[in-house]
Amino acid sequence: MHLTKNQEKMLSGEEGPALQKAMEILVALGDIYDADGLIPIHSAHVSGISLRTSGEAGLKFVENLADKGAEVYAHTTINPTGIDLESWEELGAPKDLVDKQRRMIDAYERMGAEPICSCVPYLTGNRPSFGKHLAWAESSAVVFANSVLGARTNREGAPSALASALTGLTPLHGYHLDENRQGTVEIEPNLELLQGEETFPYSVLGYWIGENFPESVPVLKGVKPNPAQLKAMGAGMAASGAIALYHIPDVTPEAEADPSICEVGESAGFESSDFEDVVDKLDQISEADLVCVGCPHFSLEELEKMPDSVEGETWVCLPRKLKRESDEKGLSKKFEGKKIRFVCDTCMVVAPLREMGYSSIGVNSAKAAHYAPMLAGVKVHFAPLKELIK
Ligand code: F3S
């Protein structure tokens, strides 16, 4: 891989041990993927923030970098932690976990990252424009950035996104290149399955696409999802498959800029039996202790549309920045007197639900339904929002 003089200096350690380590990670990846060189990035988004995903080793790695004086070069945001850092006590979270999460956030802040603690950086200010190169981890954010914003990022892991944050560079391969952004399979869903404003059907569709065409760049025909549905569908695809990009004619920006990107050979339908297969697989129980929405984290529009008829105990997971905006706009007023809680900095998959006394959750997100049994150790009721909250 070709390196500039400055990049060679970083690699040799002349610019300090943190940049040397970061360059070693990027050069190793570049060699594996046969990249010609490294390109500058507009922003980074780093995952592995919750202790559940990073473990103690991840915490020590990040603290060690911060102690060595590492600083991010590109605008960098970070994924959810394991707990709401303001209301953890009311939520019944273990203090030990909170202390470790605070150390993790502190290390990132010392390096200059913006501690948004959310998986929707594009809703909190880290919103790249068309064609920008990124190094984002968090698969749901990657697929949104590539597909809905027309930016360019591979599905980075926590170490490579952090290495890119520190150097401002990423290897030139994969979804940074035009040839890998061409649609590869056309999906023509039965539109009757996708009616209405709910995100649930699009989440099911995304999950089905990821399961059946896991390495593809799908092109969806005939659909006009709203932004929340685009977010839910991409998260579903990226959870069950390795998908990082989709196109929708007349909806997503690359399809608009170059319609030939949607010309594909293979095609498939999505019918009610496919829909039911996904629901049967993910829906384990018919009642849950706690309803959790906001996977990926809620937008203000979703909060506005959320029915106020919520009956049971409910978490709405959203970025703290949007929670503050919703308070200023009085959006949460309609839920006063309900058993609804706005949960920030974390989500239903990485929070210690079992330790907090929950053994089951109701979700409308295929991604949450996929990961919560594995990571949070809870059973899942997977259903549309209107069914969950009645
Ligand atoms: Fe976000 Fe947690 Fe879902 S990080 S995408 S809310 S699993």
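**Cavity lining and salt bridges**

Me: Which helices each supply at least two residues of the lining of the largest cavity?
Reply: α2 (17–32), α3 (51–67) and α7 do. Keep in mind that this is a predicted model.

Me: Which of the helices gives the largest share of that lining?
Reply: α7 gives the largest share, with four residues.

Me: Which residues line the largest cavity?
Reply: K21, A22, I25, F61, L65, P159, L162, A163 and L166.

Me: And by class, how many are nonpolar, polar or charged?
Reply: Eight are nonpolar, one is charged and none is polar.

Me: What volume does the largest cavity have?
Reply: About 40 Å³. The count is one cavity of 30 Å³ or more.

Me: Switching to charges. How many salt bridges are there?
Reply: The structure holds 21 salt bridges.

Me: What about E254, which residue does it pair with?
Reply: E254 pairs with R152. Their closest N and O atoms are 3.7 Å apart.

Me: Where do the two sit in the chain?
Reply: E254 is in helix α10, while R152 is in the loop between α6 (139–147) and α7 (158–167). They are 102 residues apart, and the pair links distant parts of the chain.

Me: Are E254 and R152 buried or exposed?
Reply: Both E254 and R152 are buried.

Me: Which residue does K305 bridge to?
Reply: K305 bridges to E197, with the closest N and O atoms 2.8 Å apart. K305 lies in helix α12 (residues 300–305) and E197 in the loop between β6 (185–189) and α8 (200–212), so the bridge ties together parts 108 residues apart in sequence.

Me: Buried or exposed, those two, K305 and E197?
Reply: K305 is exposed, and E197 is exposed as well.

Me: What is the N to O distance for E211 and K281?
Reply: It is 2.5 Å, in a salt bridge between the two side chains. E211 is in helix α8 and K281 in helix α11 (residues 272–282), so parts 70 residues apart in sequence are tied together.

Me: Which residues are linked in a network of salt bridges?
Reply: D84, E86, R320, R324 and D345.

Me: New topic. Where is P259 found?
Reply: P259 is in the loop between α10 (253–257) and β8 (266–270).

Me: Why does P259 count as exposed?
Reply: Because its relative accessibility is 56%, and exposed means over 50%.

Me: How many Å separate P259 and L322 in space?
Reply: 35 Å, C-alpha to C-alpha. In sequence P259 and L322 are 63 residues apart.

Terms used:
Residues numbered from 1 in each chain as written. Predicted model: local features only at pLDDT ≥ 70, side-chain atom pairs only at ≥ 80, totals over all residues. Heavy atoms only, no water. Buried < 20%, exposed > 50% of the residue type's maximum accessible area, 1.4 Å probe, protein only. Salt bridge = Lys/Arg side-chain N within 4 Å of Asp/Glu carboxyl O. 1 Å grid on protein atoms, 1.4 Å probe; cavity = no way out; pocket = protein on both sides within 12 Å on 5 of 7 lines; lining within 4 Å. Points joined across faces, edges and corners; volume = space filled by probe spheres on them. Nonpolar A, V, L, I, M, F, W, Y, C, P; charged D, E, K, R; others polar.
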